[in-house]
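Okay, thanks for coming, everyone. I'd like to walk you through one structure today, helix by helix and then loop by loop. Have a look at it first.

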Amino acid sequence: MKNKYIFISVVCLMFIQSYKSPISLTDKSESKPNIIYILADDLGYGDLSSFNPNGKIKTPHLDELASQGMKFTDAHTSSSVCTPTRYGILTGRYNWRTRLKQGVLNGRSTALIPKERSTVASILKSSGYETAFIGKWHLGWDWPKNEDNHIDFSLPVVNSPNDLGFEYAYGHSGSLDMPPYVYVENTIPTSIPTDTTVNKGKYTWWRKGLTAPDFVHEDVTPNFFRRGMDFIEQQASAKNPFFLYLPLPSPHTPILPSKDWYGKSGLNPYADFIMMIDHYVGQLLSVVENSGIEEDTLIIFTSDNGCSPEADFEELALKGHHPSHHFRGHKADIFEGGHRVPFIAKWPAVIDAGTINDQVICTTDFMATCAEIIGYPLEDDQAEDSFSLFPLFQQKSYNRSAVVHHSINGSFAIRKGDWKLIMCPDSGGWSYPNPRRDKEAIDSLPPIQLYNLKDDVAESENLQAKYPQIVKELQEILTKQILNGRSTKGEVQPNDTGNEWRHLWWI
């Protein structure tokens, strides 16, 4: 009798423990979650109230999203500029393994991702997902050309998002300040440009270029949100799960808050623009909730890099707001302000509300995360720099040991634990010391930088001379991850041919 009671007690205890433990793939039904990935453009870590308690921009809907899910405090983009980060999100691979060793593409650039390369969209599509891209592409596609080598807008584009796993694709080719200003829907331009526009305002500038009659700069961000919400409503009752990739062109220049939002922040148009984005995110979240799919929908919100100085840091600072929070630098830099970004994940069926994660993660981790969620076995030549975040969603261990950072001019850095090694003496970007403008000052600096971010989050004290063994260890890890063609476990992979790697001076 005594043994019987012991047995019953053990069974009851096991039941209680299993009930309280986070949901795992084996606990869930065979249904797969819907996935929505919202990517802001040039949004700083300090621009959301939930990440910067001293911030002056009101972002109630994004703050609520953070309170309902998991907030990552040490999340990083794979680059400090647009195109490279977008490549990493969709492929799970660092951009510098391609021909893009520095800089970004423009609106006329050819496709960066070949058809043969697997993407998040292609593996989800192969697993039964309805997949959609709506927004800013900025990864190149091949415009058809006429005899004069000008774009023929009457013909379909080639090597488009539709060739990379997206069943539905609607967006524009580059940033909102890069011509041509034309929407393309499932490879076909929605309208042929009949005019050339240019804007030279302080915040609202865009480059001179062909503009289609249905392309209104001020309405591009609202348009993408409207179409994204329509897609969610259409797919909510469908048999198959869906994946919506919603990369915004904002708050990148041109900074164009609508009339309803202009002046609302009391700071400047950049802050107004963020408040407008927050409003639309709130509307999208309501659509998810009202469609009855909130419980089993994974929503990720992040930015493609740090805030751009186009936001006018000095003007914002006078009013007490700092887009980079307490981090050094901004967009384009190898410093934290260039690539540390707000990152929020909400999935009520799996992620406990109000959780905070301090692990170092990277935006390249999205592909491996999706693969684990759907049970997709990644091959050696897929997602070479992607580590699944799914264990972190369940507050379990995570097997990424280091993250490689990359700046606009191709400079490298590596982060492991509290330590960050930068393989250049300067910012690698636009802030001081600027590698182009501040050469005299740079000549007096050591060739590398080492910081302990636990003690020195502002990267103010270079410790490279004091800890040569740490420099050696991190340099060896960085070199191995570059030359092996991967940072994950698996067979060595070739890096793509392309530009000269002039920034690998130490190898």
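**Helices, then loops**

So, let's start with a pair of helices: α2 and α6 are oblique to each other, a word used for angles that are not under 35 degrees (roughly parallel), over 145 (roughly antiparallel) or 65 to 115 (roughly perpendicular). Their axes come within 7 Å and cross at roughly 50 degrees. Axes here are lines fitted to C-alpha atoms, for helices over the stretch in contact, with angles from 0 to 180 degrees between N-to-C directions. And helices are DSSP runs of H or I with at least four residues, strands are E runs of at least two, both numbered from the N terminus.

Before I go on, this is a predicted model, where local features need pLDDT of at least 70 and side-chain atom pairs count only at pLDDT 80 or more, while totals for chains, interfaces and linings use all residues. Residues are numbered from 1 along each chain as its sequence is written, and side-chain values use heavy atoms, leaving out hydrogens and water.

Back to that pair. On the α2 side the contact (heavy atoms within 4.5 Å) is made by Pro60, His61, Leu62 and Leu65, and on the α6 side by Asp278, His279, Val281, Gly282 and Leu285. By class that's five nonpolar, three polar and one charged residues. For the classes, Ala, Val, Leu, Ile, Met, Phe, Trp, Tyr, Cys and Pro count as nonpolar, Asp, Glu, Lys and Arg as charged, and the others, Gly among them, as polar.

Which residues of α2 are buried? In α2, residues 60-68, they are Leu62, Leu65 and Ala66. Seen down the axis of α2, the buried residues fall within an arc of 100 degrees, so they line one face of the helix; the arc is taken from the directions from the helix axis to the C-beta atoms. Buried, by the way, means under 20% relative accessible area, exposed means over 50%, and partly exposed is in between, with a 1.4 Å probe and protein chains only. What do those buried α2 residues pack against? They meet β2 (70-76), α6 (269-290), β10 (297-303) and β11 (340-346).

Now α6 again, with another partner. The axes of α5 and α6 come within 9 Å and cross at roughly 10 degrees, which makes α5 roughly parallel to α6. From α5 you get Thr221, Pro222, Phe225, Met229, Ile232 and Glu233, and among the α6 residues they meet are Phe273, Met276 and Tyr280. The class count for this contact is 12 nonpolar, two polar and one charged.

Next, α3, residues 82-91. Here 10 of the 10 residues are buried, so α3 is largely enclosed by the rest of the structure. The buried set includes Cys82, Arg86 and Tyr87. They pack against β1 (34-40), α4 (120-126), β3, β9 (242-247) and α9 (366-374).

On to the loops. His217 lies in the loop between β8 (206-211) and α5 (220-236). Buried or exposed? His217 counts as buried, because its relative accessibility is 4%. A polar atom of the His217 side chain is 3.3 Å from the backbone oxygen of Leu176. Leaving aside neighbours within four places in sequence, His217 is in contact with Leu176, Tyr181, Thr197, Trp206, Pro254 and Leu256.

Pro254 sits in the loop between β9 and α6, and a cis peptide bond joins Thr253 to Pro254, with omega about -5 degrees. The loop between β9 and α6 also holds Pro251, and the peptide bond from Ser250 to Pro251 is cis, with omega near 10 degrees.

Asn149 isn't a glycine, yet has a positive phi of about 65 degrees; Asn149 is in the loop between β3 and β4 and counts as exposed at 54% relative accessibility. Thr187, also not a glycine, has a positive phi of about 80 degrees. Thr187 is in the loop between β5 (184-185) and β6 (188-189), and is buried, with a relative accessible area of 18%.

Last one: Val158, in the loop between β3 (130-136) and β4 (168-172), is partly exposed at 43% relative accessibility.

Technical notes
A polar contact is a pair of N or O atoms within 3.5 Å; within protein, one must be able to donate a hydrogen and the other to accept it, and residues adjacent in sequence count only if both atoms are side-chain atoms.
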